[in-house]
Amino acid sequence: MNSTDRIAVCSRSFSRDSVLRKELLNKYQNVTFNDKGYSLKDEMLYEFLDGHDKAIVGLERINDQLLQKLPQLKVISKYGVGLEMIEIDAMRRYEKKLGWKGGVNSRAVSELVISHAIALLRQVSVEHKSVLDGSWRQQHVGSQLTEKKVGIIGCGHVGKDLVQLLKPFGCEILVYDVDEDTDFYKKYDVHPMSLDDLLSLSDIVTIHVPLNDSTINILSKERLTLMKSTSILINLSRGGLVDEVHLKKMLLQKRIAGAAFDVFKTEPPEDKELLELSNFIATPHISGTSEEAIHAMGRAAILGLDTNSVP
């Protein structure tokens, strides 16, 4: 047990997980958990972190203004995989070490992609509603995932895991990624191509890229119109990647067969008309938070407290 370092756990979900708490306390004696469940930001976040040597953060924003006031804080370890809430340049400027491991929740995300794809293809939510409304007859004939063309936008940790899960279904895998992994593509018979070609050819399009200046609105109105009327779109990555207004129009006009979103530009989403469409599935940002993924991310964050790496 390390009895000298003081640890601050900002994440609410980490703080309320008994397994992760026990594992962290087995290693560190002086730990401050976010037991009151505060959404920590600005001055409240500073006050919570002040006086600590290391911290585990989740969705908290770590910026220049915060770091310059926390000279004692030496290590920030990320609970989760996205780094968009951490100003990496500021971390380097103040020589703060970053604990981070990518891909620790990939399986949780890729499994939910397949779940949403099958639910849309078989129109599960529509049939479920018909049963609730008193009907006991097949309303629609759905289709199978087997042998569909699946277009994956972004073939990083999640994209690669999804490729491997899809292979037993006999799917043809199309990929768009700015960094091509030719060895992986060859091993799994993946077909790299332009984004426009992927959108026009795929039966299922699924997005797995971070949100940044190069990807914001990557599926614009113009690009969405390239999709086939029988295709479905899945976004379990980040809100802001898709023109949600135009997507709703396409769903209403049957110019796309269906869509499933776990993330939205504004969360919780405010467009009730979109959420109530029979060919749209919404989940509340749950893709990376299975029980197994939570523990994998938490253990990676605990290990990250011992990092010696400046980003």
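Buried residues, defined as those under 20% relative accessible area with a 1.4 Å probe and protein chains only, account for 49% of the 311 residues in the protein chain of this predicted model. Because the model is predicted, local features need pLDDT of at least 70 and side-chain atom pairs count only at pLDDT 80 or more, while totals for chains, interfaces and linings use all residues. Residues are numbered from 1 along each chain as its sequence is written, and side-chain values use heavy atoms, with hydrogens and water left out.

The protein chain contains 14 helices and twelve strands, where helices (H or I, at least four residues) and strands (E, at least two) are DSSP runs numbered from the N terminus. The radius of gyration of the protein chain, taken over C-alpha atoms, is 21 Å, close to the 19 Å that the globule rule gives for 311 residues, so the chain is as compact as a globular protein of that length; the rule itself is 2.2 Å times the number of residues to the power 0.38. Along the principal axes, the C-alpha atoms of the protein chain fill a box of roughly 65 × 50 × 35 Å. Of the contacts (heavy atoms within 4.5 Å) between residues at least 6 apart in sequence, 60% join residues at least 24 apart. The protein chain exposes about 15,900 Å², of which carbon and sulfur atoms supply 50%, with areas computed by the Shrake-Rupley method with a 1.4 Å probe and, for residues, with only the protein chains shown counting as cover. The mean positions of the 39 positive and 43 negative charges of the protein chain are 2 Å apart; here Lys and Arg count as positive and Asp and Glu as negative, without His and the chain ends, and each charge is placed at NZ of Lys, CZ of Arg, CG of Asp or CD of Glu.

Helix α12 spans residues 244-252, and its buried residues are Glu244, His246, Leu247, Lys248, Met250 and Leu251. The cover over these buried residues includes α11 (221-224), β10 (232-235), β11 (258-261), α13 (272-275) and β12 (280-282). At the start of α12, a side-chain oxygen of aspartate 243 comes to within 3.2 Å of the backbone nitrogen of valine 245. After α12 comes lysine 254, with a positive phi near 60 degrees.

One of the elements covering α12, strand β12, holds alanine 282, which counts as partly exposed because its relative accessibility is 37%. Leaving out residues up to four places away in sequence, alanine 282 touches Phe261, Phe264 and Leu275, whereas its C-alpha atom is separated by 26 Å from that of tyrosine 38, 244 residues away along the chain.

Glutamine 123, although not a glycine, has a positive phi of about 55 degrees; the residue lies in the loop between α6 (106-121) and α7 (124-132) and, at 26% relative accessibility, counts as partly exposed. For aspartate 189, in the loop between α9 and β8 (191-192), phi is positive and near 55 degrees, and a relative accessibility of 48% makes the residue partly exposed. Lysine 187 belongs to helix α9 (residues 182-187) and is exposed, at 66% relative accessibility; its C-alpha atom is separated by 27 Å from that of isoleucine 232, 45 residues apart along the chain.

Two strand residues show buried surroundings. Valine 175, in strand β7 (residues 172-176), is buried at 1% relative accessibility and, apart from neighbours within four places in sequence, is in contact with Ile152, Cys155, Tyr185, Val190, His191, Pro192, Met193 and Leu198. Valine 175 and lysine 160, 15 residues apart in sequence, are 10.0 Å apart in space, C-alpha to C-alpha. Glycine 99, in strand β5 (residues 97-99), is likewise buried, at 1% relative accessibility. The C-alpha atoms of glycine 99 and serine 77, 22 residues apart along the chain, are separated by 4.1 Å, and, not counting residues up to four places away in sequence, glycine 99 touches Ile76, Ser77, Lys78, Gly304 and Thr307.

Key
Buried < 20%, exposed > 50% of the residue type's maximum accessible area, 1.4 Å probe, protein only. Polar contact = N/O pair within 3.5 Å; in protein donor to acceptor, adjacent residues only side chain to side chain.
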